[in-house]
Amino acid sequence: MATENGNFKKIISHAKEYGFVFPSSEIYDGLSAVYDYGQNGVALKKNIRDYWWKSMTQLHENIVGIDAAIFMHPTTWKASGHVDAFNDPLIDNKVSKKRYRADVLVEEYVAKIETKIEKEVARAAKRFGNSFDENEFKKTNPRVISYIEKSRNILSRLNKSLGKEDLNDVKNLIEELEISCPESGSKEWTDVKQFNLMFDTKLGASKDSAMDLYLRPETAQGIFVNFLNVQKTSRMKIPFGIAQTGKAFRNEIVARQFIFRMREFEQMEMQFFIPPGTQKKWYEFWKEKRLKWHLSLGMGEEKYRLHNHEKLAHYADAALDIEFRFPFGFKELEGIHSRTNYDLSNHEQFSGKKLQYFDPEINESYVPYVIETSIGLDRMFLAVLSNSLTEEKLSDGSIRTVLKLPPALSPIKVAILPLVKKDGLPEIAKKIINELKLDITSIYDEKDAVGRRYRRQDAIGTPFCITIDHQTLDDKTVTLRNRDSMKQERIKIEHIKNYINEEVSLRSILKKL
Ligand code: ATP
C-alpha cells in the first residue's frame with residue numbers, strides 16, 4: 001500500500017520519525033538533496049551494503065574488493081570522458097525561474113502516457129476476468145496501441161536529438177508536447193543548455209600551486225586506474241572482477257524525490273574484466289545474477305522491470321537499467337553496462353602507461369573489455385524502505401504501522417522485553433540479551449505496556465520480539481512474537497539464538513543466490 005503514489009510523504013516522515021533519514025544540517029533549514037542517516041538508517045544501509053559486498057566478494061572466488069580515494073588525479077576525468085561528456089541538458093522555465101532536466105521533463109510526460117496504458121489494462125482485466133490476456137490486449141486495443149506508439153515515437157526522437165546533441169530539437173519537442181512547468185504551469189521555456197555535473201574543488205594551500213580537482217562522480221574510475229595493481233598482486237586471471245562501495249558526488253540539476261536523487265550518495269559498483277569479444281555472454285550473465293540478487297530479497301517479481309537503453313553513454317556498447325517500482329513509478333535502481341575497453345584504453349592513452357593483461361592461454365596481451373554493475377546504495381535503501389512500509393487494519397479496528405523489511409536487512413533483529421520491571425524478569429532479560437548481542441543486533445526495552453513496545457519494534461522493522469514473563473521463571477521458556485504474522489509461540493531460552501539466526505542472518509538470503 002505504501003507503494004501507491006500518495007504515500008510517498010508518509011514514507012519520508014516515517015523515515016525521519018523513526019531515525020532512518022534526516023535532512024542534512026536541519027537546524028539550518030537543510031541542504032538541498034543532501035541527507036543524513038540516523039541510528040536505524042545507518043544499520044539498514046550497512047546491511048544492504050554487506051549483502052551486496054558479500055554476494056560479490058565472498059561468493060565469487062574471482063571478485064575482490066578495493067577502497068579507492070574520493071579524490072583522484074584530475075586527468076582521470078579527462079580520460080574517462082567526464083570533463084567533456086558528463087552533462088545533463090537543462091532548461092529553465094521563464095516564469096517560475098525553476099530549472100529542469102529537459103530529458104526528464106519529456107520522460108515524465110511519457111510516464112503519464114504509460115500510467116494511462118496501465119489504467120486501460122487494469123480496467124480490461126477487471127472486465128474480462130480470468131480469460132484476460134494482457135499481451136493480446138496490448139496488441140489489439142486501438143487506444144492502447146496509439147498510446148504505445150506515441151510513447152515510442154517521443155522517446156526515439158528524444159534519444160536521437162540527445163545523441164546528435166541537437167538541443168534545439170529537444171526544446172522543440174518540449175514545446176510540441178505542450179509540457180508545462182510543474183510549478184507555475186507556464187509553457188515558456190529557455191533554450192536547452194548542457195550542464196556538467198561534476199563538483200570541483202582545489203587541492204593544496206598556495207594559490208599558485210593549487211590543483212583543480214573533482215569530487216568523483218562515480219566510483220568506477222578508482223577501479224580502472226587500479227586494474228593492474230589488483231591483477232598483479234592478487235594474481236587474478238581473466239575473467240575477474242573488482243568491487244567497490246563508496247561515496248560519489250553529482251551536482252544534480254533536479255534534486256527531488258528524497259534520497260532517490262542526491263548530490264552526495266553512495267554507489268556499489270563492480271567492474272568485471274573479460275576477453276574482448278565475450279561481452280555479450282558476460283553482459284547476459286551479470287544481468288541474470290543481479291536480478292537474482294534483487295529477487296532473493298523477496299520484495300516481489302512484479303516490482304522490477306528491465307529497460308534496455310537506446311541512447312548509450314559514451315563508453316557503452318550495450319546497457320540496461322533494472323528499474324524498481326518506487327512510490328512515484330518505475331525508475332532506475334541499477335545499471336548494467338557493457339563498457340567495452342573504453343576506460344582502460346583511454347587511461348593508457350592519457351597516462352602513457354600500459355594497462356594490458358597478458359593472457360597465458362593465447363600468449364597475447366590485450367586491453368580487457370569490461371562489464372559493469374552499478375547500483376546506488378541510497379536508491380536501494382529507498383526501494384526497500386518504501387516497499388516495506390505497510391499499514392494494516394487489525395480486527396479491533398486499529399491501524400498497525402509495520403515496516404516489513406526483509407529480516408536479514410532489519411536494523412535490529414530482536415527486542416528483549418521483560419513483561420514487568422520486577423520479580424526478577426529484567427535480570428533474566430538482561431542475561432538473555434548479553435548472550436544474544438554477541439551474535440545478533442538486539443535491543444532491550446522495559447518501558448510502557450508490552451503492546452506498545454511491540455508497536456515500536458514493528459515501526460522500525462524488528463522481525464522478532466521476545467517477552468520474558470512469570471512462566472519463564474518456572475520453565476525457562478519465553479514468548480517469541482513474529483512481526484509479520486503477530487503469532488506468538490513459546491520457545492526455550494536455549495533455542496532462541498539458533499531459531500532467530502536462521503531467519504535473520506544474511507546467510508538466509510545469500511544461500512538463495
Ligand atoms: P539517472 O538516469 O537516474 O540520473 P544514471 O543513469 O546517471 O542515473 P549511473 O551513472 O548509471 O546513473 O549510476 C549508477 C547508479 O547510481 C544508478 O543506477 C543509481 O542507483 C545511482 N545514482 C546515480 N545518480 C544518483 C543520485 N544523484 N542519487 C542517488 N543515486 C544515484
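Select Gln488 to begin: at 49% relative accessibility it counts as partly exposed, a class that lies between buried (under 20% relative accessible area) and exposed (over 50%), with a 1.4 Å probe and protein chains only. The model is predicted, so local features need pLDDT of at least 70 and side-chain atom pairs count only at pLDDT 80 or more, while totals for chains, interfaces and linings use all residues. Residues are numbered from 1 along each chain as its sequence is written, and side-chain values use heavy atoms, with hydrogens and water left out.

Gln488 lies in strand S23 (residues 488-492). Strands (E, at least two residues) and helices (H or I, at least four) are DSSP runs, numbered from the N terminus. Show the neighbours of Gln488: leaving aside residues up to four places away in sequence, Gln488 touches Tyr454, Thr479, Leu480 and Arg481, where contact means heavy atoms within 4.5 Å. Then pick Arg455, which is 33 residues from Gln488 in sequence and 15 Å away in space, C-alpha to C-alpha.

Next, select His82, in helix H4 (residues 82-85). His82 counts as buried because its relative accessibility is 1%. Not counting residues up to four places away in sequence, His82 touches Trp77, Asn196, Met198, Pro217, Glu218 and Gln221.

Move to helix H7 (residues 142-163). Its 22 residues reach 31 Å from first C-alpha to last, close to the 32 Å expected at 1.5 Å a residue; the expected span is 1.5 Å times one less than the number of residues. At the N-terminal end, Asn141 caps H7, with a side-chain oxygen 3.0 Å from the backbone nitrogen of Arg143. After H7 comes Glu165, whose phi is positive, near 55°. Colour the buried residues of H7: Val144, Tyr147, Ser151, Ile154, Leu158, Asn159, Ser161 and Leu162. Their cover includes strand S4 (87-92), helix H5 (102-128), helix H6 (134-140) and helix H8 (167-176).

Last, show helices H2 (residues 39-58) and H11 (residues 279-295). Their axes come within 12 Å and cross at roughly 140°; axes are lines fitted to C-alpha atoms, for helices over the stretch in contact, and angles run from 0 to 180 degrees between N-to-C directions. On the H2 side, the contact is made by Ile48, Tyr51, Trp52, Ser55 and Met56, and on the H11 side by Trp286, Arg290 and Trp293. By class, this contact of H2 with H11 has six nonpolar, one polar and one charged residues, where Ala, Val, Leu, Ile, Met, Phe, Trp, Tyr, Cys and Pro count as nonpolar, Asp, Glu, Lys and Arg as charged, and the others, Gly among them, as polar.

Terms used: Polar contact = N/O pair within 3.5 Å; in protein donor to acceptor, adjacent residues only side chain to side chain.
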